[in-house]
Amino acid sequence: MDVFEILAELERREEQIEIKLKKIIQANLNPFPGERIQKAKLLLKLIYEFKKHIQADEFIQAGMKLRDLEIEGLMILNK
């Protein structure tokens with residue numbers, strides 16, 4: 001996968017996470033959905049940081065953020 005494919009996939013995932021976060025907050029079925037909200041915010045933060053590193057041509061740091069996303073369970077690269 002090249003950088004542009006990864007960015008496109010992350011854009012799609014970012015939209016999915018934002019929609020899911022809004023649903024969690026609106027539904028509030030669980031009286032304490034804090035874990036899920038924090039996880040969504042962490043994923044969004046990592047995606048933002050990845051994009052920032054790509055724009056600055058800092059590919060090593062971007063790769064580290066991509067690894068962090070995968071550690072958090074957001075698989076981007078098809079293995």
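This is a predicted model: local features need pLDDT of at least 70, side-chain atom pairs count only at pLDDT 80 or more; totals for chains, interfaces and linings use all residues.

Colleague: OK, at what angle do H1 and H2 pack?

Modeller: About 155°, with the axes 10 Å apart. H1 covers residues 3–27 and H2 covers residues 34–55.

Colleague: And what does that make H1 relative to H2?

Modeller: Roughly antiparallel, because the angle is over 145 degrees.

Colleague: Is the crossing left-handed or right-handed?

Modeller: The crossing of H1 and H2 is left-handed.

Colleague: Which residues make the contact?

Modeller: From H1 you have Val3, Ile6, Leu7, Leu10, Glu11, Glu14, Ile17, Glu18, Leu21, Ile24 and Ile25. H2 brings Arg36, Ile37, Ala40, Lys41, Leu43, Leu44, Ile47, Phe50, Lys51 and Ile54.

Colleague: How does that contact split by class?

Modeller: There are 15 nonpolar and 6 charged residues, with no polar ones.

Colleague: Switching topic: what volume does the largest pocket have?

Modeller: About 210 Å³.

Colleague: What lines the pocket?

Modeller: The lining of the largest pocket is Arg13, Gln16, Ile17, Lys20, Leu21, Ile24, Arg36, Lys39, Ala40, Leu43 and Leu74.

Colleague: Which element gives the largest share of that lining?

Modeller: H1, with 6 residues. H1 and H2 each supply at least two.

Colleague: How many of the lining residues are nonpolar, polar and charged?

Modeller: The lining has 6 nonpolar, 1 polar and 4 charged residues.

Terms used
Residues are numbered from 1 along each chain as its sequence is written. Side-chain values use heavy atoms; hydrogens and water are left out. Axes are lines fitted to C-alpha atoms, for helices over the stretch in contact, and angles run from 0 to 180 degrees between N-to-C directions. Helices (H or I, at least four residues) and strands (E, at least two) are DSSP runs, numbered from the N terminus. Angles under 35 degrees count as roughly parallel, over 145 as roughly antiparallel, 65 to 115 as roughly perpendicular and the rest as oblique. A crossing is left-handed if the near helix is turned anticlockwise from the far one by less than a right angle, and right-handed if clockwise. Contact means heavy atoms within 4.5 Å. Ala, Val, Leu, Ile, Met, Phe, Trp, Tyr, Cys and Pro count as nonpolar, Asp, Glu, Lys and Arg as charged, and the others, Gly among them, as polar. On a 1 Å grid over the protein atoms alone, a cavity is a set of points where a 1.4 Å probe fits but cannot get out, and a pocket is an open set with protein on both sides within 12 Å along at least five of seven lines; lining residues have an atom within 4 Å of a point. Grid points are joined across faces, edges and corners, and a volume is the space filled by probe spheres set on the points.
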